[in-house]
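Colleague: Could you walk me through this one? I would like to go over the helix, the sheet and a few single residues.

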Amino acid sequence: MRVEAKLKKDRKTKKLAKRIEPGQIAVINHIDIDEVAANSLVEAKIKLVVNADKSISGRYPNAGPRILVDNNILIVDNIGIDAFDDLQEDDFIVVEDGEIYRRDKLIGRGEVMDKEVVDEKIRLAYENIGQELDRFIDNTIEYAKREKGMILGDVEIPKMSTKFADRHVLVVVRGHNYKDDLHAMINYIEEVKPVLVGVDGGADALMEFGYKPDLIVGDMDSVSDEALMAADEILVHAYVDGRAPGLKRVEDLGLKAVVMPSPGTSEDIAMLVAYEYKAQLIVALGTHSNMIDFLEKGRKGMASTFLVRLKIGDRLIDAKGVSMLYKSRLKIKYIVALILTGLFPVLIVASLSPKVQTFMQLLQIKMKLLLQM
């Protein structure tokens, strides 16, 4: 294996992916490369990944490295922080069999990770998932006790200009399969006209599909200037002590923002704000909902997400996987027959039960997406 190219480097992979050019080498410092980061590098059409840290630490089976090697992007792994610091932006380097040279000088070396190596490391990581799950559950319970005030009124909801009352709200996070799910939701967006909330990079996801975010929520570390300029309103997620590093970036663009100190994730407070302002229905797209999602995000538990979803209850619908439902090869005549068979008695029950009426709203959205009506 021999690769010669100019490098771009950054400690934050998501920032690097925005400025690296096709054919260049990505030099990162990213333990357990996650799916979103890997997909962003694949889309950038890079030639090689050189990682200062372990791309698969073995704590859990992270998906990023497999995505890279499946797209013919090899990884030179765990070269160390000293070699990372020695490499400079725009250096032209030669990488051969895991060794990195600049002007014939050896800078560092790492393990070459191809499909075979990645598959073996992921297999071993699956053997550790039981221990990681125990720690994850313990952390979730511990932090849920600390953060319970988030749903008990201790967190102040700021005044917002976005109108949520009696409307559907689509909260978009740039998470697993977000593009497929967003594509499957196009008819829903066009017909229902929900409030469009982008959580950090989720705002750019909306922009990619031609939609302007009504509200952007986040710490502003992964959203583009273009999306910030386009949004009608910006909510900066601050630390509990009031520090809001993302606010400066917004103000430097000449924009105004509302600040909300709160524990938890930005997607949690986006849903909480929509709920408190009487949204009729909250549809979550690309959000984090399982242990692997949260470990890839660098969180050791999901306390705030558990608490917020507990409070919102049946007003929340998770759109994750809608695209898979739509792609399933079901014959229309069978779907229509099933709907007609069950619709009449369900309508009778729905007319008597408020909870079933909420369910019917979900069913209506799902059927429209499935039939592309």
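**Notes on the model**

Modeller: In helix α12, the residues S266, E267, D268, I269, A270, M271, L272, V273, A274 and Y275 are buried, where buried means under 20% relative accessible area, exposed over 50%, and partly exposed in between, with a 1.4 Å probe and protein chains only. This is a predicted model, in which local features need pLDDT of at least 70 and side-chain atom pairs count only at pLDDT 80 or more, while totals for chains, interfaces and linings use all residues. Residues are numbered from 1 along each chain as its sequence is written, and side-chain values use heavy atoms, with hydrogens and water left out.

Colleague: Why is α12 described as largely enclosed?

Modeller: Because 10 of the 11 residues of α12 (residues 266–276) are buried, the helix is largely enclosed by the rest of the structure. Helices (H or I, at least four residues) and strands (E, at least two) are DSSP runs, numbered from the N terminus. After α12 comes K278, whose phi is positive, near 70 degrees.

Colleague: Switching to the sheet, what is the strand order?

Modeller: The order is β7-β6-β5-β1-β2-β3-β4-β8, with 8 strands forming an open sheet of mixed pairing; two strands pair if DSSP finds at least two bridges between them. β7 (105–109) and β8 (111–113) stand at the edges, each with a single partner strand, so one side of each has no neighbour in the sheet.

Colleague: And how do β3 and β4 run?

Modeller: Strand β3 (residues 48–51) and strand β4 (residues 75–77) run parallel and are joined by 2 bridges, and V49 has I75 as its bridge partner in β4.

Colleague: What does V27 touch, neighbours in sequence aside?

Modeller: V27, found in strand β2 (residues 25–28), is in contact (heavy atoms within 4.5 Å) with L7, K8, K9, D10, L16, V50, F84 and L87, leaving aside its neighbours within four places in sequence. At 0% relative accessibility V27 counts as buried, and its C-alpha is separated by 8.7 Å from that of T13, 14 residues apart along the chain.
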